[in-house]
Amino acid sequence: MKKVSGKFKMINLKHHIDLPKRIKYSLVITSDNIYSKIIKNEKFEDLSGKIAEDIIINSGNIIIEKIYLPNDLKTIREKVETMINNPEIDVIIVSGGTGISRKDVSIEAISPIFEKVLPGFGELFRFLSYN
């Protein structure tokens, strides 16, 4: 790294040579409301999922799977574990179910299967979404 204009910039990217050119994502959207509308074959709006999808695609990456699940701990965990074992998926994004109500269980569902926790990232994301 080299400090340029007060910011650090990577100057040796040899360690990035073997990285995939296009990252393959799977999106898991947890929402009782959307899930019940899908079951009833009703129209629904998913703003967060659409934003995530647009960012992924517009950055030249691929969405392998996008799925809607109810706020059910066992269902979320089992689906994410299945995705983890899929060699076609590089990144799994779980959106929804991260609030403080009793039905928000995404964090509780997937935290036991975390390989690595990055302290501070949650605070950063909350700060950025607040602003």
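Mentor: Valine 28 is a place to begin; at 0% relative accessibility, valine 28 counts as buried. Keep in mind that this is a predicted model.

Trainee: Where is valine 28?

Mentor: Valine 28 belongs to strand 3, residues 24-30.

Trainee: And what does valine 28 touch, apart from residues up to four places away in sequence?

Mentor: Its contacts of that kind are Ile67, Leu69, Val80, Met83, Ile92, Ile93, Val94 and Ser95.

Trainee: How far apart are valine 28 and lysine 66?

Mentor: In sequence they are 38 residues apart, and in space 6.0 Å, C-alpha to C-alpha.

Trainee: Which residues make up the largest nonpolar core?

Mentor: There are nine residues: Val28, Leu69, Ile76, Val80, Met83, Ile89, Val105, Ala109 and Ile110. Helix 3 (73-84) and helix 4 (106-110) each supply at least two residues of this core. The largest share, three residues, comes from helix 3.

Trainee: What about leucine 69, what is it in contact with beyond four places in sequence?

Mentor: Leucine 69 is in contact with several residues, including Val28, Tyr35, Ile76 and Lys79.

Trainee: New topic. Is asparagine 61 buried or exposed?

Mentor: Asparagine 61 is buried, because its relative accessible area is 12% and the cut-off for buried is under 20%.

Trainee: Where is asparagine 61 found?

Mentor: In the loop between helix 2 (47-58) and strand 4 (62-69).

Trainee: Which side chain does the side chain of asparagine 61 make a polar contact with?

Mentor: That of serine 59, at 2.9 Å. Leaving out residues up to four places away in sequence, asparagine 61 also touches Lys21, Arg22, Ile23, Tyr25 and Ile56.

Technical notes:
Residues are numbered from 1 along each chain as its sequence is written. This is a predicted model: local features need pLDDT of at least 70, side-chain atom pairs count only at pLDDT 80 or more; totals for chains, interfaces and linings use all residues. Side-chain values use heavy atoms; hydrogens and water are left out. Helices (H or I, at least four residues) and strands (E, at least two) are DSSP runs, numbered from the N terminus. Buried means under 20% relative accessible area, exposed over 50%, partly exposed in between (1.4 Å probe, protein chains only). A polar contact is a pair of N or O atoms within 3.5 Å; within protein, one must be able to donate a hydrogen and the other to accept it, and residues adjacent in sequence count only if both atoms are side-chain atoms. Contact means heavy atoms within 4.5 Å. A nonpolar core is a set of buried Ala, Val, Leu, Ile, Met, Phe, Trp, Tyr and Cys residues joined through side-chain atoms within 4.5 Å.
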